[in-house]
Amino acid sequence: FITLGPGSNGILQNIIKIVLKAGDNLVTPFYTFNQAEYAATSLGCITRRAKCQNYEIDFDALNNSIDDNTKIVYICNPNNPTGIYIETKKIIKFAKRTKAIVIVDESGIEFTNKQSILEHETIPSNIIVLRSFSKAYGLANMRIGYMCSSKKFKKFYEENTTINEYSELSVIFAKTMIENYDIEKKN
């Protein structure tokens, strides 16, 4: 189920605010976009960073970093800042092993010719995929992005955040970009 929001970063911050409570933690790879850590820290929560192997995400290290207080695991695919792409099957396999929400930030996926996790027939209900119009679509100042999640999480998100944190103009620009995807892809 798709939910629009104030850029993928704004959605990420909202998810962290509504999911994490005092004493909870977030797990993320050592080399990755650090906005999730900033958001968790602002709530007094801990971020547990798992070591990477040659800048690649080590799923065993991620799994070993998870404890009973881990509510969210944050993964960029492709990773930011390394640009390394992770096979989506590995992410799905990992998500099936944890009770935590697994946020997969695909804000840079359009810059690859790789498979999005959204292309799989079955996606575990604990996976949330974030996408952005800021990068490949060039709409950074429009602050528009979207989240793909289970119906249950979409409802939880909408009940616990301010909806419509984006402008109508942002939606018009995003819609125009989607309708002209062939031009964007060529560029």
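## Close-up views of the predicted model

**Figure 1. Pro81 is located in the loop between S4 and H4.** The structure shown here and in the following views is a predicted model. Asn80 and Pro81 are joined by a cis peptide bond, whose omega is about 25°. Pro78 also belongs to the loop that runs between strand S4 (70–76) and helix H4 (88–96). The peptide bond from Asn77 to Pro78 is likewise cis, and its omega lies near 0°.

**Figure 2. Asn54 and Tyr55 are shown in the loop between S3 and H3.** Most residues other than glycine have a negative phi. Asn54 is not a glycine, yet its phi is positive, at about 55°. Its loop connects strand S3 (46–50) with helix H3 (59–65). Tyr55 lies in the loop between S3 and H3 as well, and its phi is near 70°, again a positive value in a residue other than glycine. Are these residues buried or exposed? Asn54 has a relative accessible area of 71% and is therefore exposed, the threshold for that class being over 50%. Tyr55, with a relative accessible area of 48%, is partly exposed.

**Figure 3. Helix H1 comprises residues 7–19.** The helix has 13 residues. From its first C-alpha to its last it reaches 18 Å, which is close to the 18 Å expected at 1.5 Å a residue. Most of H1 is covered, with eleven of its 13 residues buried. The glycines Gly7 and Gly10 are among the buried residues, as are Ser8, Asn9 and Asn14. Also buried in H1 are Ile11, Leu12, Ile15, Ile16, Ile18 and Val19.

**Figure 4. Ile103 is a buried residue of strand S5.** The strand covers residues 101–105. The relative accessible area of Ile103 is 0%; buried means under 20%, so Ile103 falls in that class.

**Figure 5. The protein chain contains seven helices and seven strands.** Read from the N terminus on, its elements follow the order β-α-β-α-β-α-β-α-β-β-β-α-α-α. The radius of gyration is 16 Å, close to the 16 Å that the globule rule gives for 187 residues, so the chain is as compact as a globular protein of that length. The C-alpha trace spans about 45 × 35 × 30 Å along its principal axes. Of the 187 residues, 50% are buried. Among contacts between residues at least 6 apart in sequence, 65% join residues at least 24 apart. The accessible surface of the chain comes to about 10100 Å², and carbon and sulfur atoms account for 51% of that area.

Notes. Residues numbered from 1 in each chain as written. Predicted model: local features only at pLDDT ≥ 70, side-chain atom pairs only at ≥ 80, totals over all residues. Heavy atoms only, no water. Helix = DSSP H or I, 4+ residues; strand = E, 2+ residues; numbered from the N terminus. Expected span 1.5 Å × (residues − 1). Buried < 20%, exposed > 50% of the residue type's maximum accessible area, 1.4 Å probe, protein only. Rg over C-alpha atoms; globule rule 2.2 N^0.38 Å. Contact = heavy atoms within 4.5 Å. Areas by Shrake-Rupley, 256 points an atom, 1.4 Å probe, with all protein chains shown as cover.
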